[in-house]
Structure formats: C-alpha cells, structure tokens
Amino acid sequence: MLRIFLTVILPLVLPTAGYALYVLVVERRRREAEEAHSPAPWWATAPWPWLVFAGVAAMAVTLGSVAMTSGVPPHTPYTPAHVEDGRVVGGGASGN
C-alpha cells in the first residue's frame, strides 16, 4: 500500500497541492497590494523563485530516495550480456 501511495497517489496530489498553495499566496499578495492602493512589486507575484526552489527540492528528494532504495550492494560482480546456445542471455549483477 505504501508503494502505491508513493508511486501513484503522491505524484498526482503533490503538484496540485503546490499549485493551490501558490494561488493562495499570489491572491493574498495581490489583495494586500489592492488594499494599500499600490501596485504589487514584481517579486510579490512572480512564481519563478518558488518554482525553482520547488524543482530543486523535488530533484534532491528524488535523487536521495533513488540512491537509498535502489541498486545492488557495492562490489557485486557484473555479468555482461552474452550468447548461449544461439540465444542472447541478458547481463546484470550476479549475487555470487
């Protein structure tokens, strides 16, 4: 069940939640600027810093989780692909 949550549900819900949070922040800043009768500064409504930060954070989490949860133990022998009895046998790490 955790695998389904992490690989299906979370990737679908997280971007939607992030966008909803972004819309709430931008609307609040726009409303504050209107109440003060002044134009909102460019950085107050610009999404680029938040998007860059979110992208870097997502990349770091993804790379960290892949590094921690995949692969074979160090120094595991690798057997390359080869032909046996006229058919191709795939290569891979062997647990010898």
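Rings of Phe, Tyr and Trp (its six-membered ring) count as a pair if their centres lie within 6.5 Å, with planes under 30 degrees apart called stacked, over 60 edge-to-face and the rest tilted. A search of the whole structure turns up 1 aromatic pair by that rule. It joins Y19 and Y22, whose ring centres sit 6.2 Å apart with planes at 40°, so the pair is tilted. The model is a predicted one, where local features need pLDDT of at least 70 and side-chain atom pairs count only at pLDDT 80 or more, while totals for chains, interfaces and linings use all residues. Residues are numbered from 1 along each chain as its sequence is written, and side-chain values use heavy atoms, leaving out hydrogens and water.

Both tyrosines belong to helix α1, and being 3 residues apart there, Y19 and Y22 are separated by about one helical turn. Helices (H or I, at least four residues) and strands (E, at least two) are DSSP runs, numbered from the N terminus. An α-helix has 3.6 residues a turn, so residues three or four places apart point the same way. As for cover, buried means under 20% relative accessible area, exposed over 50%, and partly exposed in between (1.4 Å probe, protein chains only). Y19 is exposed at 55%, whereas Y22 is partly exposed at 28%.

How does the span of helix α1 work out? The expected span of a helix is 1.5 Å times one less than its number of residues. For the 34 residues of α1 (residues 2-35) that should give 50 Å, and the end C-alpha atoms are 46 Å apart, which agrees. The helix does bend, by about 45° at L10, with a proline, P11, following within four residues; the bend is the angle between axes fitted to the seven residues ending at a residue and the seven starting there. After α1 comes H37, with a positive phi near 55°.

The whole structure has 3 of them. E27 pairs with R30, the closest N and O atoms being 2.5 Å apart, and these two lie in α1, 3 residues apart. R30 also bridges to E34, at 2.7 Å between the closest N and O atoms. Through shared partners, E27, R30 and E34 are joined into one network. E27 is partly exposed at 30%, as is R30 at 34% and E34 at 48%. R28 and E32 meet in another salt bridge (3.3 Å, N to O), and being 4 residues apart in α1, they are separated by about one helical turn.

Elsewhere, M1, L2, I4, F5, L6, V8, I9, L12 and V13 make a nonpolar surface patch of about 890 Å². Patches use residues with over 30% relative accessible area and no salt bridge, joining like charges within 9 Å and nonpolar side chains (Val, Leu, Ile, Met, Phe, Trp, Tyr) within 5 Å.

D85 has a positive phi near 55° in the loop between β2 (82-84) and β3 (87-89). Finally, S38 and V88 are 50 residues apart in sequence and 71 Å apart in space, C-alpha to C-alpha.

Note on methods:
Accessible areas come from the Shrake-Rupley method with a 1.4 Å probe; for residues, only the protein chains shown count as cover. A salt bridge is a side-chain nitrogen of Lys or Arg within 4 Å of a carboxyl oxygen of Asp or Glu.
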